[in-house]
Amino acid sequence: MKKFIHIIILYMASFISIAYAADAIVIDGGSNKAISIAIVPFGGDTTQPDIATIIGKDLYNSGIFEPLPRQNMLSTPHNPTEVSFRDWSAVNAQFLLIGNIASVGGKLQVKYYLYNVASQQQVLNGSVSGAPNKIRGLAHYVSDQVFEKLTAIKGAFSTKLLYVSESGNNTNYALKMADYDGANPVTLLTSKEPILSPRFSPDNKKVLYVSFESKRPRIYVQDIATGTREQLTNYTGLNSAPAWSPDGKTIAFVLSKDGNPELYTMRLDSKLVHRLTNNNAIDTEPVWNKNGNSIYFTSDRSGAPQIYKINVASGSTERVSTTGNYNANPKLSADDGMLVMVHRQDGYRNFVIAAQNLVTNRVTILSNTNLDDSPTIAPNGTMVIYATRQQGKGALMLASINGRVHTELPVDDGDVREPSWSSFAR
C-alpha cells in the first residue's frame, strides 16, 4: 500500500517584488541585508505568553527582517514618550516595536507602537483585543500590521495551514489545521486509511481532500466548522489531486477512469464533469490561476514530468517550466507571478523546492535537502512550506522566498506531510 501511495503522491504530484504605496515605508526584500528590528518584551500583564517572541519569529520567518537578539535588548520603558532613540541606534536597530498587554473586561488588549529609529518618528500604533486563549492570534495580528507597514505587502501570519499526520503502531491518519507556524493544531478528520491532497476553499470555510477510506482514492469536501462532508467522486481508478477554482464554484481534479490519468473539472452545484486533457501522457496536479481561466499542471508528455498550462475554455496548452529535468507539483503565488514546484536540476538526483519567476523564468532553489515535496506558498508570496524528511520522519519546513530562512515547523511527533496554506480571510 505505501508503495502505491508513493506513486500517487509522485504523479499527483526572483525574489520578492515589492509594490510601492504612498502611505507605507517600503523595504526592498531583495536586499542582501535583513532589516534590523528591536521587539521589546511587552509590558503590563506579564503572566501572558511572550508576545514579543512570537512577533519576532513571524517577522524573521519572512526572510526580510532580523529581530535583535534578546540578550542585546535594552531596558526600555513601555511608555511611548520615553523611548531613547540614541541607545537603539547604538545597537543598530533600524526599527523599534514596544507595547503593553492589559486585561479589560475578560479580554486581553494589546497596544503596540512602531518607531523608525533613524528618524525618531512613530510610524504605526494600534490595539487589538481577544480572548486570553487567543494570545498567539493577537501576536500574529500585530506582526501582520508591522509587516504591511514596512513592506507594503499584506502580512500572512494570521493565515492557517492544513497537513496530514501519520502516527501509531497501527498507522492512524489525521487531517489537521493549525496556525501557519504549526501552533494550535486541531483535528478535522481521522482515518485508518491514507488522506492526501488537502486544500482550503477560497473562503477558508471548506476543505477538499482525497481519502482511501473505501480502500480506493475518492475526493471529499468537508465543512470545517461543522465537520459535514460529502463524497464528490466515485469513479474507477484514480480520483485525485483536487483543486478549487478561485470562485469556489468548480474544482479541477484527476481521473483515470478511461485508463490514463487526465484532468477534469466539476461544477459543485450541478456535479457536471468536463474533461480537459486527452493524450497518452500522465496529466496531474492541477492548480488554477487567479482569474480561473487557466490551470497549471504536471505532465510527462515531454518524456519527464514538467509544468504545463492549459486554457480552460480553448484547451490550448503550453509548457511553462524551462529549467531542470524534473518539475512537478506546481503552486502559484496569489498574483500569478511566481510558480513554486518540486524540482531536479540536470545532472543531479536530489529533489528540491524551487521558485520560477513567471516573467523572467528565473529559477531559484529554496530548499537544501534532497527529498522535498508538496510545496505550498503563503498568500502574500513571501514564504513557502514544504514536506521533507528529518531524522527518519516526515517533517514540514518553512523557507522564505528570498532563501534567507529555513526552519522546521514544530508540528506533531509523527510523520507529517501534504501541507496546504490558506488564502487571506475574506
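Serine 294 is buried in this predicted model, with a relative accessible area of 9%; buried denotes under 20% relative accessible area, with a 1.4 Å probe and protein chains only. Local features need pLDDT of at least 70 and side-chain atom pairs count only at pLDDT 80 or more, whereas totals for chains, interfaces and linings use all residues. Residues are numbered from 1 along each chain as its sequence is written, and side-chain values use heavy atoms, with hydrogens and water left out.

Serine 294 lies in strand S19 (residues 294-299); strands are DSSP runs of E of at least two residues, and helices are runs of H or I of at least four, numbered from the N terminus. Not counting residues up to four places away in sequence, serine 294 touches Val287, Trp288, Asn289, Lys309, Ile310, Asn311 and Val312, contact being heavy atoms within 4.5 Å.

The largest nonpolar core has 46 residues. Such a core is a set of buried Ala, Val, Leu, Ile, Met, Phe, Trp, Tyr and Cys residues joined through side-chain atoms within 4.5 Å. Phe42, Ile55, Leu59, Leu97, Leu114, Val146 and Leu396 touch the most other members. Helix H4 (residues 135-151) gives the most to this core, with 7 residues.

An open sheet of 4 strands has the order S26-S27-S28-S29 with antiparallel pairing, where two strands pair if DSSP finds at least two bridges between them. Strand S26 (373-377) and strand S29 (406-408) are the edge strands, each pairing on one side only. From one strand to the next, the twist averages 30°, with axes fitted as lines to C-alpha atoms and angles running from 0 to 180 degrees between N-to-C directions. Strand S28 (residues 393-400) is joined to the antiparallel S29 by 3 bridges, and leucine 398 stands opposite threonine 407 in S29.

How values were computed: Buried < 20%, exposed > 50% of the residue type's maximum accessible area, 1.4 Å probe, protein only.
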